[in-house]
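This briefing is intended for a reader working directly with the coordinates. Please consider the sequence and the structure below before turning to the notes.

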Amino acid sequence: MKNRLLLAILALQNSSAQAFTVDLFKDEYGNRNWQHLANYTGSTLLILLTIVTIYLFIARRRAYQANLELTAIRNELEMRVQERTATLDHSNQLLLESNRLLENEISQHVITADQLRSSESYIKDILTSMPLMLVGLDKNGRVTQWNKQVEDVSGISSENALGKTLWEAYPQMTVLPEHVQQSIEQNTIIHLKHCLRSLYHYDITIYPLHEQEAGVVILVDDVTKQVTAENMLIHNDKMSFMGELASTMAHDINLPLQALLMDLRRFQLIISDRSISESQQVADSDKAQKLSAIIVDMFAKAEQVSAIISNLLAFARSRKGKKQMADIVDVMENTISLANEVVSVSDGLSFNQIKLERNFEKNLPLVPCYITELQQVFLSLFRHACRALALKKEADGFEPLIKIILSENYDNLWIKIQHNGLGLTTEEQMNLFEPFFTDKAAAEDFDAGQRLSFSYYIVTEQHQGNMAVTSDVDLGSTIHIQLPIRY
């Protein structure tokens with residue numbers, strides 16, 4: 001702007017100077033008047049200087065005002081910068097504080113998560129290592145817990161069981177839905193006992209959960225060893241008592257029996273004495289024959305009683321000896337002969353009235369056994385079969401039948417005694433090999449043929465064998481015995 005103004009003034013000055021030079025600064029003679037030119041030029045310069053000075057003054061005032069405004073703007077900007085800086089500092093402090101709190105919270109969450117993982121791992125380790133079988137169910141009966149013991153026993157992995165109902169995952173489970181609902185609704189603990197063919201024994205406990213999500217926990221404890229030990233102790237005590245009782249009875253019966261046998265022998269000798277006259281023998285021949293037959297029958301019965309006494313004494317002494325190698329066919333035949341004389345039930349059915357079918361494999365090996373104890377087992381089985389047949393004998397066209405099967409398989413001797421009498425229910429099969437207990441003063445309604453606990457004890461404990469039962473209520477029952485052939 002300044003440059004343009006100066007150029008205009010200079011142009012004006014030049015044009016004016018030229019005009020004055022041509023017109024004003026010449027005298028009447030046409031000569032240039034330099035004094036007038038100098039005065040004019042100085043005046044013009046002075047005016048120009050004045051104008052420039054005024055312009056500069058105005059420009060200075062404007063510059064001053066601009067400086068003041070710029071200073072105010074700068075101060076305002078500085079204040080804003082300071083305020084913004086302070087705000088940023090505060091924000092940074094707040095951000096740092098927030099970051100610190102967030103880091104602390106994250107650290108706490110990490111610690112809590114580690115503790116939860118540790119607790120979960122600890123609880124899982126407890127569930128995996130515990131010797132009990134544990135199953136967790138929700139209120140709908142769906143599996144929520146399935147520990148390793150259950151996997152080992154059932155053969156079903158937890159992945160296949162979780163989310164399913166207990167009875168879908170393991171249909172053989174004896175716990176019923178009613179038991180689960182009863183525990184949840186009544187908020188009570190339920191105890192159950194389960195026996196699998198008298199080979200395995202389980203105590204089952206169902207207890208409800210008390211959290212918002214209703215459900216139950218099922219604990220299954222394998223008490224087979226404990227029950228076996230208890231039964232063994234009971235059997236040992238009873239066997240010892242039976243041995244003492246058998247020995248006492250045998251000695252008490254033996255004395256009068258031997259005296260009776262001696263009298264019978266003397267009486268038989270007197271009847272057959274040749275000193276009796278021939279005429280008298282002819283006269284009394286019919287009576288003598290009848291009397292002789294009676295004496296022979298009495299003598300045979302006395303011999304049988306004597307054999308029973310010998311068996312009682314042998315039974316009382318049998319545990320003091322060692323096992324003997326015996327022919328199982330001979331042992332069975334001797335037991336059948338003895339059963340024909342001594343086995344009968346109160347309903348009038350005797351063992352000798354029952355049809356027997358023998359299926360004995362040829363060339364069976366000798367078996368190490370306690371012969372008298374094994375005979376006691378077979379007698380108990382025949383008595384048990386006789387009782388079942390007596391309960392069914394009133395049916396039309398019913399013929400009592402007992403099948404005896406002896407065979408060898410895989411270094412074991414298998415004995416099967418089967419009858420077509422009244423079979424056993426599921427509960428009776430479970431309790432067949434259990435000892436009988438009662439809290440009554442006397443168990444008049446208990447028949448010794450109902451239980452085979454002594455026989456089971458003799459087979460499993462004394463002979464290291466196995467014993468089981470299969471039965472149908474309408475078709476009858478079969479007792480299976482497995483005896484090892486070698487020691």
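The notes that follow cover aromatic pairs, a helix packing and cysteines.

The structure is a predicted model. It contains two aromatic pairs and zero disulfides. Helix 10 and helix 11 pack with their axes 9 Å apart.

**Aromatic pair Phe351–Phe382**

- The rings of Phe351 and Phe382 form a tilted pair, with a centre-to-centre distance of 4.8 Å and an angle of 40° between the planes.
- Phe351 lies in the loop between helix 10 (328–342) and strand 7 (355–360), whereas Phe382 belongs to helix 11 (residues 371–392).
- The two residues are 31 residues apart, and their pair links distant parts of the chain.
- Phe351 counts as buried because its relative accessibility is 0%, which falls under the 20% limit.
- Phe382 is likewise buried, at a relative accessibility of 0%.

**Aromatic pair Phe433–Tyr456**

- Phe433 and Tyr456 have ring centres 4.9 Å apart.
- Their planes meet at 15°, and the pair is therefore stacked, since the class requires an angle under 30 degrees.
- Phe433 sits in the loop between helix 12 (426–431) and helix 13 (453–462), and Tyr456 sits in helix 13.
- This pair also links distant parts of the chain, its members being 23 residues apart.
- Phe433 is buried, with a relative accessible area of 2%.
- Tyr456 has a relative accessible area of 15% and is buried because this value is under 20%.

**Packing of helix 10 and helix 11**

- The angle between helix 10 and helix 11 is about 50°.
- Helix 10 contributes Ile328, Val331, Met332, Asn334, Thr335, Ile336, Leu338, Ala339 and Val342 to the contact.
- Helix 11 contributes Ile371, Leu374, Gln375, Phe378, Leu379 and Phe382.

**Cysteines**

- A disulfide is a covalent bond between the sulfur atoms of two cysteines.
- The search of the whole structure finds zero disulfides.
- Cys369 counts as buried because its relative accessibility is 1%, under the limit of 20%.
- Cys386 is buried as well, with a relative accessible area of 0%.

Terms used:
Residues are numbered from 1 along each chain as its sequence is written. This is a predicted model: local features need pLDDT of at least 70, side-chain atom pairs count only at pLDDT 80 or more; totals for chains, interfaces and linings use all residues. Side-chain values use heavy atoms; hydrogens and water are left out. A disulfide is a pair of cysteine sulfur atoms within 2.5 Å. Buried means under 20% relative accessible area, exposed over 50%, partly exposed in between (1.4 Å probe, protein chains only). Rings of Phe, Tyr and Trp (its six-membered ring) pair if their centres lie within 6.5 Å; planes under 30 degrees apart count as stacked, over 60 as edge-to-face and the rest as tilted. Helices (H or I, at least four residues) and strands (E, at least two) are DSSP runs, numbered from the N terminus. Axes are lines fitted to C-alpha atoms, for helices over the stretch in contact, and angles run from 0 to 180 degrees between N-to-C directions. Contact means heavy atoms within 4.5 Å.
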